[in-house]
Amino acid sequence: MRFAAPAGATPLDPDEMGGLKFGHITTRAELDALEHANITEGLRWLARRRRGDILNDAFIRTLHKRLFGGVWDWAGTYRRREKNIGVAPYQISMQLHMLLGDAHLWAKDRTFEPLEAGARFHHRLVQIHPFPNGNGRHARIAADIYLSDHFDHAPIEWASGFDLQADNARREAYLAALRAADAGDIDPLLEFVAGNGGAARQTFSVTSAIEMSPSPARRTGPNYETAKQKAHHG
Ligand SMILES: Nc1ncnc2c1ncn2[C@@H]1O[C@H](COP(=O)(O)OP(=O)(O)O)[C@@H](O)[C@H]1O
Ligand SMILES: [Mg+2]
């Protein structure tokens, strides 16, 4: 089975597709619904977890596994293949280690304003692209946790507050900002994260991190059990 990857998403190779835990799904909408439901469970785990150091590779992998491990058997394990985005597979753990060390210093020394630290952390994490898939959602959520735990700052308004049409424009702006950051210009990403008053939101909610959706399916907020049953029974 093959799913066309949306723009700005990483295509999966056949090996990775083989890691799908549900054999009967045939459309990207079904896959999106399953992933969304899994992420919802992951966010619940996140909400009740005990506070601890998030800037270590065990947490980075555990977070990915919690978000995607119900759908993909390789969730939480680093990529072994080259992708069009991301460092070479053998560089992942070293690059990640450097990023986590930097992020620790940015928080300790208050090197940047919180949103800038969050934006830089997010960009470096998606640029490394540690996992076969789910890097965008994982790294948006990770940046929100970094902001919350290390800066006591509200999450970034990745997508929420925009309707679906506008979401697409927002996603375009997001991808363009990441490309600029790849080329060494962080400003568009800073503009993006400052865009609509992320700091104004009081309650800690990371769900906007997953609403940056190329597909309307994620909007429907499917129930995990329903999605699983559908997948099993075709
Ligand atoms: N040019 C780029 N530079 C850095 N990161 C990028 C670039 N283009 C896309 N990305 C990131 O990669 C993500 C897509 O990777 P993917 O693993 O498919 O994540 P997800 O499955 O969560 O969408 C995008 O959401 C974005 O965060
Ligand atoms: Mg993807």
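Modeller: In this predicted model, a residue is called buried if 20 or more other C-beta atoms lie within 10 Å of its own, and exposed if 12 or fewer do. By that rule, 39% of the 234 residues of the protein chain count as buried.

Colleague: What elements make up the protein chain, from the N terminus on?

Modeller: The elements run α-α-α-α-α-α-α-α-α, and the chain has nine helices and zero strands. Among contacts in the protein chain with a separation of 6 or more, 73% are accounted for by residues 24 or more positions apart.

Colleague: Why is the pair α4 and α5 called roughly antiparallel?

Modeller: The axes of helix α4 (residues 92-109) and α5 come within 10 Å and cross at roughly 175 degrees. Angles over 145 count as roughly antiparallel, and α4 is therefore placed in that class relative to α5. On the α4 side the contact is made by I92, Q95, L96, L99, A103, W106 and A107, and on the α5 side by A117, F121, R124, L125 and I128. Sorted by class, these are 10 nonpolar, one polar and one charged residues.

Colleague: How do you know which class of orientation α5 and α6 belong to?

Modeller: Their axes are 9 Å apart and the packing angle is about 150 degrees. Because angles over 145 count as roughly antiparallel, α5 and α6 are also described as roughly antiparallel to each other. The crossing in which α5 passes α6 is right-handed.

Colleague: Which residues of α5 and α6 meet there?

Modeller: From α5 come P114, A117, G118, F121, H122, L125 and V126, and from α6 come N135, G136, A139, R140, A142, A143, Y146, L147 and F151. By class, this contact has 11 nonpolar, four polar and one charged residues.

Colleague: What makes α3 and α6 oblique?

Modeller: Helix α3 (residues 57-68) packs against α6 at an angle of about 120 degrees, with the axes 10 Å apart. Roughly perpendicular covers 65 to 115 degrees and roughly antiparallel needs an angle over 145, and the pair is therefore left in the oblique class. The crossing of α3 and α6 is right-handed. I60, L63, H64 and L67 of α3 make the contact with R137, H138, I141 and A142 of α6, and by class these are five nonpolar, two polar and one charged residues.

Colleague: Within α6, how do you know whether A139 is buried or exposed?

Modeller: A139 lies in helix α6 and has 25 other C-beta atoms within 10 Å; the cut-off is 20 or more, so A139 is buried. Leaving aside neighbours within four places in sequence, A139 is in contact with H122, L125 and V126. The C-alpha atoms of A139 and V126 are 6.2 Å apart in space, although the two residues are 13 residues apart in sequence.

Colleague: What makes the backbone of H129 worth a remark?

Modeller: Most residues other than glycine have a negative phi. H129 is not a glycine, yet its phi is positive, at about 55 degrees. It is found in the loop between α5 and α6, and because 22 other C-beta atoms lie within 10 Å, H129 is buried.

Colleague: Why is D152 placed in the exposed class?

Modeller: D152 has 9 other C-beta atoms within 10 Å, and the limit for exposed is 12 or fewer, which means that D152 is exposed. D152 lies in the loop between α6 and α7 and, although not a glycine, has a positive phi of about 50 degrees.

Colleague: Finally, how many residues surround ligand 1, and which are the closest?

Modeller: The shell holds 16 residues, of which the closest are A9, T10, N135, G136 and R137. At least two residues of this shell are supplied by each of α5 (114-128), α6 (135-151) and α7 (164-182). The shell divides into six nonpolar, seven polar and three charged residues.

Definitions and conventions
Residues numbered from 1 in each chain as written. Chains lettered and ligands numbered in written order. Predicted model: local features only at pLDDT ≥ 70, side-chain atom pairs only at ≥ 80, totals over all residues. Near = placed C-beta within 6 Å. Helix = DSSP H or I, 4+ residues; strand = E, 2+ residues; numbered from the N terminus. Nonpolar A, V, L, I, M, F, W, Y, C, P; charged D, E, K, R; others polar. Axes fitted to C-alpha atoms, helices over the stretch in contact; angles between N-to-C directions. Parallel < 35°, antiparallel > 145°, perpendicular 65-115°, else oblique. Left-handed = near helix turned anticlockwise from the far one by under 90°. Contact = placed C-beta atoms within 7 Å.
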